Amino acid sequence: MPSDDEFYYYDDDDDGDGEDEGEEEEAADWGGLALEADEDDLGLAEDDPPPRERRADCWAITEDSLSAAQQEDLSTVMNLLNIKQHHARALFIFHQWKIDRIYDYFDRKGRDCMLREADIVLQEKCNTTPSTSSKCNVCFEDDLSLTDVLTMDCGHCFCNNCWTEHFYAAVDSGKKQIRCMEVNCFAICEEGIVRHLLGQKYPDAAKRFDRFLLESYLENNDFVKWCPSVPHCGRAIRVGTRDTDCEVKCPCGVSFCFNCMEQAHSPCPCTIWKKWSVKNHGESENIKWIVKNTKSCPKCFKPIQKHDGCNLVKCHCGQYLCYLCGGPTGSSHTWTSIEGHSCNRFKESNENVDTGRRQLERYTHYCNRFKIHEDSYKEHEQKLGPAIKEQVKQLESNCLRPRMIRDGDWLIDAHQRLLWSRQVVSRSYAFAYYMFGGELRTDPADKRSLAPAQNLFENQQEQLERHVEQLSKVLVTDIPGLPDDKIVQMKQEVVNLAKILETLCGEMYHCIQDELLPLLVEPMDIAMYTPDGPVKAKLFSV
């Protein structure tokens with residue numbers, strides 16, 4: 001195990017809080033072993049742990065509760081502006097369901113101006129005495145009773161049959177907001193009337209209309225999106241108005257970036273992650289094969305593959321080269337040697353190297369490290385979960401041990417921290433490949449700042465990588481089989497490693513967001529740092 005001087009030390013807030021006197025007496029009877037839940041005895045420093053970032057407000061909405069979630073937002077605006085539900089929905093769609101923007105418009109422009117800009121027509125006040133009959137200006141049928149006609153908020157009146165056909169045609173064409181039949185009238189028809197008339201003659205169309213209203217909450221809303229799980233779990237995720245740049249975890253277990261809807265990829269910005277995904281899936285195996293099985297011509301830089309024969313190879317451009325080292329040679333040779341050429345000794349060279357080969361090797365460097373950490377996460381550490389839970393169960397079932405040893409939550413927490421930190425390390429190589437490869441344009445005035453920022457990032461990456469490997473090694477230990485004093489030492493080591501990883505991950509996020517991304521011409525952001533990984537969406541209750 002690593003020595004103590006390799007660790008940073010923090011308070012272990014879970015140890016020492018709420019311990020009663022009986023626990024201390026139990027620990028005192030342990031033949032002098034320092035098993036009391038005292039921070040100093042555990043070797044933890046008195047410094048406070050790094051501050052946690054603000055967590056996103058995140059809710060998981062099922063299809064059954066989607067209508068209630070939508071109604072919650074609608075009721076807020078209905079009460080604020082004293083308007084009907086279809087007016088509130090139209091206002092939300094106009095402002096893309098951004099309630100903070102509605103508040104801003106209301107404060108700056110007032111209610112009437114805001115509604116007018118959204119083409120919302122409130123109900124006209126009629127001071128005339130209604131007649132007992134009416135005429136429809138669409139089908140020209142007259143002597144219609146008041147029960148056979150309907151008047152919208154704008155004051156235009158048509159017969160129920162014409163309204164019904166108008167509604168059916170609008171729903172059939174996929175419209176979510178149905179406007180008045182009158183020429184150049186933009187008044188939105190009341191949802192209750194549409195639902196009532198369609199339900200009498202076209203019940204299927206009425207159901208489709210209700211479905212359209214629910215879909216408008218998702219399609220026009222920047223803060224509510226379907227979970228991208230396959231097969232679909234039937235949930236939508238809603239975040240707060242300040243939380244669109246976040247990563248969330250649906251109750252079904254799928255974690256994703258709320259901004260681009262791809263798998264969670266922080267600390268890599270969405271733009272860079274998309275580039276990496278395309279390159280990694282399209283070129284990874286080809287490039288690996290080329291690097292492994294070919295040599296580049298030192299003159300034209302084209303890759304050459306040798307199937308048989310001696311080590312002297314002639315390129316199509318006429319250049320001779322040694323296939324062992326790729327260096328240029330003359331044509332005179334024997335089966336075992338090339339005249340004037342020897343490559344058994346390693347030589348440092350300052351000459352220009354093959355640019356194409358250098359790019360391949362650079363990509364291979366980052367791709368291999370990305371894949372190594374990704375494979376460790378998928379093939380080893382994810383599968384470690386059941387074994388960790390079994391160890392916790394064994395610790396908790398042994399009643400002969402002190403309470404602080406029986407509590408195995410620190411193992412569960414450390415395993416979760418390991419999983420998230422491993423993914424951060426893996427994705428940091430995807431970020432570094434593009435950030436430091438010259439493919440992203442940097443501000444000329446800030447180019448001098450790139451080298452020190454890169455050095456800072458790579459130092460943090462190295463430390464994070466080293467401590468991830470240390471924690472991974474420690475967690476495979478059979479902890480319940482250790483003596484009690486060794487368990488206390490193991491807990492000290494695991495808790496400190498977990499908190500070191502939390503600190504190092506936070507520092508890397510801040511380095512990327514505050515030091516590196518501002519150097520780019522194209523603005524980019526990363527998801528907010530959350531020590532425990534993607535924010536778990538809470539179930540929305542009706």
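Q: Which residue in S7 is the bridge partner of Ile61?
A: Ala236 is the partner of Ile61 in S7. Keep in mind that this is a predicted model.

Q: How many bridges join S1 to S7, and which way do the two strands run?
A: There are five bridges between strand S1 (residues 58–62) and strand S7 (residues 235–239), and the strands run antiparallel. Cys58 is in there too, standing opposite Val239 in S7.

Q: What about S16, how does S1 pair with that one?
A: S1 runs parallel to strand S16 (residues 538–539), with two bridges joining them. Trp59 has Lys538 of S16 as its bridge partner.

Q: OK, so what's the strand order in that sheet?
A: The order is S6-S7-S1-S16 in an open sheet of four strands, and the pairing is mixed.

Q: Which strands stand at the edges?
A: Strand S6 (224–226) and S16 do. Each has a single partner strand, so one side of each has no neighbour in the sheet.

Q: Which strands does H2 lie across?
A: H2 lies across S1, S6 and S7, and its angle to S1 is about 125°. H8 lies across S6 and S7, at about 110° to S6.

Q: Switching to helices. At what angle do H2 and H3 pack?
A: About 105°, with the axes of helix H2 (residues 63–81) and helix H3 (residues 85–94) 9 Å apart. That angle makes H2 roughly perpendicular to H3.

Q: Which residues make the contact?
A: On the H2 side you have Gln70, Gln71, Asp73, Leu74, Val77, Met78 and Leu81. H3 brings Gln85, Ala88, Arg89, Leu91 and Phe92. By class, the contact of H2 with H3 has seven nonpolar, three polar and two charged residues.

Q: What's up with Asn82, where does it sit?
A: Asn82 is in the loop between H2 and H3. Its phi is positive, about 55°, although Asn82 is not a glycine.

Q: Back to Arg89: which residue does it form a salt bridge with?
A: With Glu191, and the closest N and O atoms are 2.5 Å apart. That pair links distant parts of the chain: Glu191 is in helix H7 (residues 191–201) and Arg89 in helix H3, 102 residues apart.

Q: Why can side chains like that pair?
A: Side chains of opposite charge can pair when their charged atoms come close.

Q: How many salt bridges does the structure hold?
A: It has 23 salt bridges.

Q: How do H6 and H8 pack?
A: Helix H6 (residues 160–172) and helix H8 (residues 203–219) meet at an angle of about 55°, and their axes are 10 Å apart. That makes H6 oblique to H8. The crossing of H6 and H8 is left-handed.

Q: Which residues touch there?
A: From H6, Tyr168, Val171 and Asp172; from H8, Ala205, Arg208, Phe209 and Phe212. The contact of H6 with H8 counts five nonpolar, no polar and two charged residues.

Q: And H11 with H13, at what angle do they cross?
A: Roughly 165°, where the axes of helix H11 (residues 385–397) and helix H13 (residues 409–435) come within 9 Å. So H11 is roughly antiparallel to H13. H11 passes H13 in a right-handed crossing.

Q: Who meets whom in that contact?
A: Gly385, Ile388, Lys389, Gln391, Val392, Leu395 and Glu396 of H11 meet Asp409, Leu411, Ile412 and His415 of H13. The contact of H11 with H13 divides into five nonpolar, three polar and three charged residues.

Q: Last one: what's the order in the sheet with S12?
A: S12-S13-S14, an open sheet of three strands with antiparallel pairing. Three bridges pair S12 with strand S13 (residues 320–322), and Val313 has Leu321 in S13 as its bridge partner.

Terms used: Residues are numbered from 1 along each chain as its sequence is written. This is a predicted model: local features need pLDDT of at least 70, side-chain atom pairs count only at pLDDT 80 or more; totals for chains, interfaces and linings use all residues. Side-chain values use heavy atoms; hydrogens and water are left out. Axes are lines fitted to C-alpha atoms, for helices over the stretch in contact, and angles run from 0 to 180 degrees between N-to-C directions. Angles under 35 degrees count as roughly parallel, over 145 as roughly antiparallel, 65 to 115 as roughly perpendicular and the rest as oblique. A crossing is left-handed if the near helix is turned anticlockwise from the far one by less than a right angle, and right-handed if clockwise. Contact means heavy atoms within 4.5 Å. Ala, Val, Leu, Ile, Met, Phe, Trp, Tyr, Cys and Pro count as nonpolar, Asp, Glu, Lys and Arg as charged, and the others, Gly among them, as polar. Two strands pair if DSSP finds at least two bridges between them. A salt bridge is a side-chain nitrogen of Lys or Arg within 4 Å of a carboxyl oxygen of Asp or Glu.
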